[in-house]
Amino acid sequence: MDALCRIELLGGLRVQCRERRITRFRTRKTAALLAYLAYHPQRTHAREVLIERLWPESGAESGRSRLSQALTWLRDQLEEPGAPAPLLVADRFSVGLVPAALITDVAEFEAALRAAGAADGAAARVSALAEAVALYRGPLLPGYYEEWIVPEQQRLDEQFFQALRQLIGALVEAGDFERALP
């Protein structure tokens, strides 16, 4: 199955689902919910944990209602009526995204870094590092301050700067000063 949606988390939250581009969300918490699910697509998340993470100030009933409203809005925006497979899966206890139905820029960035680490030759390594650097459009979810975001911002920033240093070093070593300067 080809990815139905591309979710960009670096430099801001943006979603491309087929022909639809989404940059505005019902609420900031709805956006944070999508970002969290997209950042951790390989697992489902307990509804109670999501409520506690995103609406800690709400009571249990209010939190469930807010989560339900956010999920309804996301489903309406991300899934086309009659689509062969859903992007969002939810039951009474858990919520998640179908990993095969989406791709994130963070996943592509980390895959490019792994490819650079496993590259056999200098040209393949430079190519993978250049891809990783190009994918990094800025910090993870700037302007969002949920507890899980800050350590991940720092981790990804460090990976980016390390990749940038390695790319510049490899280009200088190869004598490609024109590409190393920018």
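The secondary structure of the protein chain comes to seven helices and seven strands, where helices (H or I, at least four residues) and strands (E, at least two) are DSSP runs numbered from the N terminus. This is a predicted model, in which local features need pLDDT of at least 70 and side-chain atom pairs count only at pLDDT 80 or more, while totals for chains, interfaces and linings use all residues. Residues are numbered from 1 along each chain as its sequence is written, and side-chain values use heavy atoms, with hydrogens and water left out.

Read along the sequence, the elements follow the pattern β-β-β-α-β-α-α-β-β-β-α-α-α-α, and the C-alpha atoms fill a box of roughly 60 × 35 × 25 Å along the principal axes. Of the 182 residues in the protein chain, 44% are buried; here buried means under 20% relative accessible area, exposed means over 50%, and partly exposed lies in between (1.4 Å probe, protein chains only). Among the contacts with a separation of 6 or more, 62% come from residues 24 or more positions apart, a contact being heavy atoms within 4.5 Å.

Two helix pairs can be described through their axes, which are lines fitted to C-alpha atoms over the stretch in contact, with angles that run from 0 to 180 degrees between N-to-C directions.

| Helix pair | Axis distance | Angle |
|---|---|---|
| α2 (residues 47–54) and α3 (residues 60–78) | within 10 Å | roughly 95° |
| α1 (residues 28–39) and α3 | 10 Å | about 70° |

Helices α2 and α3 are therefore roughly perpendicular to each other, and α1 and α3 are likewise roughly perpendicular; angles under 35 degrees count as roughly parallel, over 145 as roughly antiparallel, 65 to 115 as roughly perpendicular, and the rest as oblique. In the pair of α1 with α3, Thr30, Leu33 and Leu34 of α1 meet Leu67, Ala70, Leu71, Trp73, Leu74 and Leu78 of α3, giving eight nonpolar, one polar and no charged residues. For these classes, Ala, Val, Leu, Ile, Met, Phe, Trp, Tyr, Cys and Pro count as nonpolar, Asp, Glu, Lys and Arg as charged, and the others, Gly among them, as polar.

A search of the whole structure finds one disulfide, defined as a pair of cysteine sulfur atoms within 2.5 Å. A disulfide is a covalent bond between the sulfur atoms of two cysteines. Here Cys5 is joined to Cys17, with 1.7 Å from S to S, and the link is right-handed, with 105° about the S-S bond. Because Cys5 lies in strand β1 (residues 5–8) and Cys17 in strand β2 (residues 14–17), the pair ties together parts that are 12 residues apart in sequence. Cys5 is buried at a relative accessible area of 2%, and Cys17 is buried at 5%.

His45 is found in strand β4 (residues 45–46) and is buried, with a relative accessible area of 4%. Not counting residues up to four places away in sequence, His45 touches Tyr36, Leu37, His40, Leu50, Phe93, Ser94 and Val95.

Arg66, by contrast, is partly exposed at 36% relative accessible area and lies in helix α3. With residues up to four places away in sequence left aside, Arg66 touches Trp55, Glu57 and Ser58. The C-alpha atoms of Arg66 and Pro81 are separated by 23 Å, and these residues are 15 residues apart along the chain.
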